[in-house]
Amino acid sequence: MAAGAKQTCYEGSAVQRFQFFLEQSGEHEAVLQSVRRLLPGEFKRIGAAKSGLDVLGVGSGGGEVDVQMLSLLRSTFPAVPITADIVEGSSELTDNFKALVAKTTDLQKISFAWHIMHSGDYEKQVEAKGDVKKFDFIHMIQMLYYVENLTDTIKFYHNLLKSNGRLMIIIEAANAGWDTLWKTYKKELCVDAITEYCSSGEVVASVKSLGLKYEEHTIHNTFDITECFDPSSATGECMLSFMTAKDHFYQSFTPEIRAGVLDLLRNKCCADKGGRLFFDSSLSCILVHA
C-alpha cells in the first residue's frame with residue numbers, strides 16, 4: 001500500500017506486490033473478459049448520436065484494463081473525438097499507464113489528461129474549480145476500498161455523468177473470499193490503507209440509498225493459493241502479505257491470528273481441486289445509470 005499517514009494507492013514496494021498478485025491471480029483477464037462482454041452494448045447506448053465522448057478513470061493503476069476499454073470505445077466510434085481523464089495517486093503506476101498508451105496504436109488520437117492524485121483530492125479540485133467537466137463513461141475498478149465515505153464518493157462521481165452516461169464500479173463480490181477474509185479479521189486488517197472494508201454488498205446498498213438505477217454482474221474468478229499453506233514458500237508468503245495488506249505476513253500477526261487466517265482461507269474461502277486450493281476471488285461489476 002502507499003506510504004504516508006493515509007495510504008490510498010500502491011507505491012514503492014507495494015507496486016511489486018500488486019504486480020505479483022495480478023500475475024498469480026488472473027484477475028485482470030477475468031475483468032477484461034467481463035468488459036468485452038458487457039461494454040460493447042453499453043458503449044453503443046452511451047455514444048449514440050454524440051459528437052464527442054469523454055471518459056474518466058478513477059484509480060486506474062497501470063492502465064492495463066483502461067487501455068483495453070479505451071481501445072474498445074475507439075473501435076466502436078472510430079470517427080468520434082474521445083478524451084480520457086485519468087485519476088491515479090501512484091506516479092509509478094501512472095508512468096506504466098503512459099508507456100502502455102505510447103505503444104497502443106488505437107489510442108494515439110485520444111486526448112489524455114493525467115491527474116496524479118487520490119480520488120478525494122480530485123473531488124476537492126473539481127469542487128474548487130466550479131467549472132465541472134462531465135463524462136459519458138466513468139469507471140472505478142478496485143478502488144472504493146480507499147475512500148473515506150463510500151456513499152458520498154459514489155454520489156460525487158455519479159453527478160459528473162452526462163445524460164445517458166454510465167458509472168462502472170468493479171469491486172470484490174459480497175460473500176466471496178476477500179469479503180469473508182477481511183470481514184472476519186476486520187480488527188486486524190482494517191488498520192492501514194483500508195480502514196473500512198467494503199464489497200459489492202455495501203456498494204449496492206449505497207447506490208440504492210441514492211435512488212439510482214443499476215445492474216449488477218458477477219465476474220467469476222479463482223486462483224491457486226496452495227503455496228500459502230507452505231511456511232517455507234516465498235511465493236506463499238508474498239501472496240499472504242498481499243492478501244492481508246502487510247509487508248510480511250509471518251512477522252505481522254501473532255501465531256494464533258496466522259493460524260486462524262490460514263484455517264479460514266482453507267475452509268471458508270477456497271475450493272479443493274485435486275489437492276490444490278483455489279481462492280474464490282469473484283468480483284461484481286455494477287453499472288450505474290445517469
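This is a predicted model: local features need pLDDT of at least 70, side-chain atom pairs count only at pLDDT 80 or more; totals for chains, interfaces and linings use all residues.
Biologist: Why are H2 and H3 called roughly parallel to each other?

Modeller: Helix H2, residues 27-47, packs on helix H3, residues 64-76, at an angle of about 25° with the axes 10 Å apart; since angles under 35 degrees count as roughly parallel, H2 and H3 are therefore given that description. The crossing of H2 and H3 is right-handed.

Biologist: Which residues of H2 and H3 meet, and how do they divide into nonpolar, polar and charged?

Modeller: From H2 come His28, Val31, Leu32, Val35, Arg36, Leu39, Pro40, Phe43 and Lys44, and they meet Glu64, Val65, Gln68, Met69, Leu72, Leu73 and Thr76 in H3. The residues of this contact of H2 with H3 divide into 10 nonpolar, 3 polar and 3 charged.

Biologist: Which helix gives the largest share of the lining of the second largest pocket?

Modeller: Helix H5, residues 119-129, gives the largest share of that lining, with 4 residues. The pocket holds about 150 Å³ of space, and its lining residues include Tyr122, Gln125, Val126 and Lys129, along with Asp85, His115 and Leu160. By class, the lining of the second largest pocket has 5 nonpolar, 2 polar and 4 charged residues.

Biologist: How do you know that H7 is roughly antiparallel to H12?

Modeller: Helix H7, residues 177-184, and helix H12, residues 255-268, pack at an angle of about 150°, their axes lying 10 Å apart; an angle over 145 degrees counts as roughly antiparallel, so H7 is placed in that class relative to H12. The crossing of H7 and H12 is right-handed.

Biologist: What residues make the contact of H7 and H12, and how do they divide by class?

Modeller: Thr180, Leu181 and Thr184 of H7 make the contact with Val261, Leu264, Leu265 and Lys268 of H12. The residues in this contact of H7 with H12 divide into 4 nonpolar, 2 polar and 1 charged.

Technical notes: Residues are numbered from 1 along each chain as its sequence is written. Side-chain values use heavy atoms; hydrogens and water are left out. Axes are lines fitted to C-alpha atoms, for helices over the stretch in contact, and angles run from 0 to 180 degrees between N-to-C directions. Helices (H or I, at least four residues) and strands (E, at least two) are DSSP runs, numbered from the N terminus. Angles under 35 degrees count as roughly parallel, over 145 as roughly antiparallel, 65 to 115 as roughly perpendicular and the rest as oblique. A crossing is left-handed if the near helix is turned anticlockwise from the far one by less than a right angle, and right-handed if clockwise. Contact means heavy atoms within 4.5 Å. Ala, Val, Leu, Ile, Met, Phe, Trp, Tyr, Cys and Pro count as nonpolar, Asp, Glu, Lys and Arg as charged, and the others, Gly among them, as polar. On a 1 Å grid over the protein atoms alone, a cavity is a set of points where a 1.4 Å probe fits but cannot get out, and a pocket is an open set with protein on both sides within 12 Å along at least five of seven lines; lining residues have an atom within 4 Å of a point. Grid points are joined across faces, edges and corners, and a volume is the space filled by probe spheres set on the points.
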